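This briefing sets out selected features of a protein model, grouped by topic. Please read the points below alongside the sequence and the structure.

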Amino acid sequence: MPKSKRSKVVSLTKVSKKTKEHKNAMINELQTNAEKWRYCWLFEVGAMRNSHLKTVRKLWKDSARMFFGRGAVMAKALGTTLEEEHRVGLHKLAKQIKGQVGLFFTDTEPQEVIEWFADFQQPDFARAGNIASRTVILPLGPVMRHHSDPPEPFPHNEEPQLRKLGLTTSMNRGVPTLTAPHKLCTQGKVLTAEQAQLLKLIGEKMVVFRVGLIARWDSTSGEVEQIDNPRISSDEKMGEETEEEGDAATSE
């Protein structure tokens with residue numbers, strides 16, 4: 001039986017795999033930076049957002065280089081064994097590369113780096129899968145957008161969307177109005193997609209983007225020192241977005 005010449009559906013969501021040349025280029029760049037800078041920090045991120053990570057890169061562009069991408073590629077670049085390590089002691093850091101972590105190369109003194117990252121925290125909107133950090137109850141009356149100053153009610157044309165997301169509203173003088181108090185979310189519970197969208201619409205930020213430092217390699221001694229800071233919890237990592245590997249080797 002002859003093959004059908006009928007047009008086939010091709011998915012546009014398929015992403016091409018990174019080439020071997022791309023991975024080799026990233027490995028070479030990581031190794032070049034390991035030779036250039038005195039310190040290499042291993043870090044993790046809570047409430048990952050590409051926009052905030054790009055801000056960190058921009059603020060440090062003249063004095064550091066940040067990589068956040070495929071862990072296996074970063075570990076291979078550093079070398080996971082004593083025989084394979086690119087520079088003395090790097091295998092001790094490479095062995096700790098697990099999950100969504102990154103590398104931060106700099107000559108800046110350690111205490112300054114620790115204090116800077118402890119201070120850099122950016123509130124942001126939660127996503128589905130995040131844990132609600134507090135209980136939010138919308139009161140009886142007009143549904144308000146709290147990100148405006150002063151808060152203002154939603155326009156009439158957004159009432160269908162509010163109802164679709166689970167609010168029981170009616171129109172009162174052209175304003176979407178709750179007919180009864182509505183518990184939007186409960187502290188400690190996982191947020192649904194609808195809850196996360198409602199929180200964003202009303203302007204309630206529930207997560208904080210932050211960088212947690214895990215360990216530091218010093219090229220002058222070859223030693224790796226663990227950073228005595230509380231690790232970022234699994235709850236903070238839920239609902240995260242991840243940066244494409246293609247962006248990992250850039251530091252705009």
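In this predicted model, Glu152 counts as partly exposed, at 35% relative accessibility. The side chain of Glu152 meets that of Arg145 in a salt bridge, with an N to O distance of 3.1 Å. Arg145, by contrast, is buried, its relative accessible area being 17%.

**Salt bridges**

- Arg145 and Glu152 belong to a network of salt bridges that also links Glu158.
- The structure holds ten salt bridges.
- Side chains of opposite charge can pair when their charged atoms come close.
- Arg38 and Asp218 form a salt bridge through their side chains, at 3.2 Å from N to O. This pair links distant parts of the chain, 180 residues apart: Arg38 is in the loop between helix 1 (20-36) and strand 1, and Asp218 is in strand 12.
- Arg38 is partly exposed, with a relative accessible area of 30%, whereas Asp218 has a relative accessible area of 13% and is buried, because the cut-off for a buried residue is under 20%.
- Glu204 and Arg134 form another salt bridge, in which the closest N and O atoms are 2.8 Å apart. Glu204 lies in the loop between helix 7 (193-202) and strand 12, and Arg134 in the loop between strand 4 (121-124) and strand 5 (136-138), so the pair ties together parts that are 70 residues apart in sequence.
- Arg134 is partly exposed, at a relative accessible area of 31%.

**Helix 5 and its surroundings**

- Which residues of helix 5 are buried? In this helix, which spans residues 110-119, they are Pro110, Val113 and Phe117.
- These buried residues line one face of helix 5, because they fall within an arc of 60° when seen down the helix axis.
- Ala118 and Asp119 are exposed, on the other side of helix 5.
- The cover over the buried residues of helix 5 includes strand 1, helix 2, strand 2 (64-67), strand 3 (101-106) and strand 12 (207-218).

- Ala47 has a phi near 55°, a positive value in a residue other than glycine. Ala47 is found in the loop that joins strand 1 (39-46) to helix 2 (50-59).
- Is Ala47 buried or exposed? Ala47 counts as buried, because its relative accessibility is 4% and the cut-off is under 20%.
- Arg173, also not a glycine, has a positive phi near 55°. Arg173 sits in the loop between strand 9 (169-172) and strand 10 (175-178).
- The relative accessible area of Arg173 is 82%, and this residue is therefore exposed, the cut-off being over 50%.

**The protein as a whole**

- The secondary structure comprises nine helices and 13 strands.
- Of the 252 residues in the protein, 42% are buried.
- Among contacts with a separation of 6 or more, 77% are between residues 24 or more positions apart.

Terms used: Residues numbered from 1 in each chain as written. Predicted model: local features only at pLDDT ≥ 70, side-chain atom pairs only at ≥ 80, totals over all residues. Heavy atoms only, no water. Helix = DSSP H or I, 4+ residues; strand = E, 2+ residues; numbered from the N terminus. Buried < 20%, exposed > 50% of the residue type's maximum accessible area, 1.4 Å probe, protein only. Contact = heavy atoms within 4.5 Å. Arc of directions from axis to C-beta. Salt bridge = Lys/Arg side-chain N within 4 Å of Asp/Glu carboxyl O.
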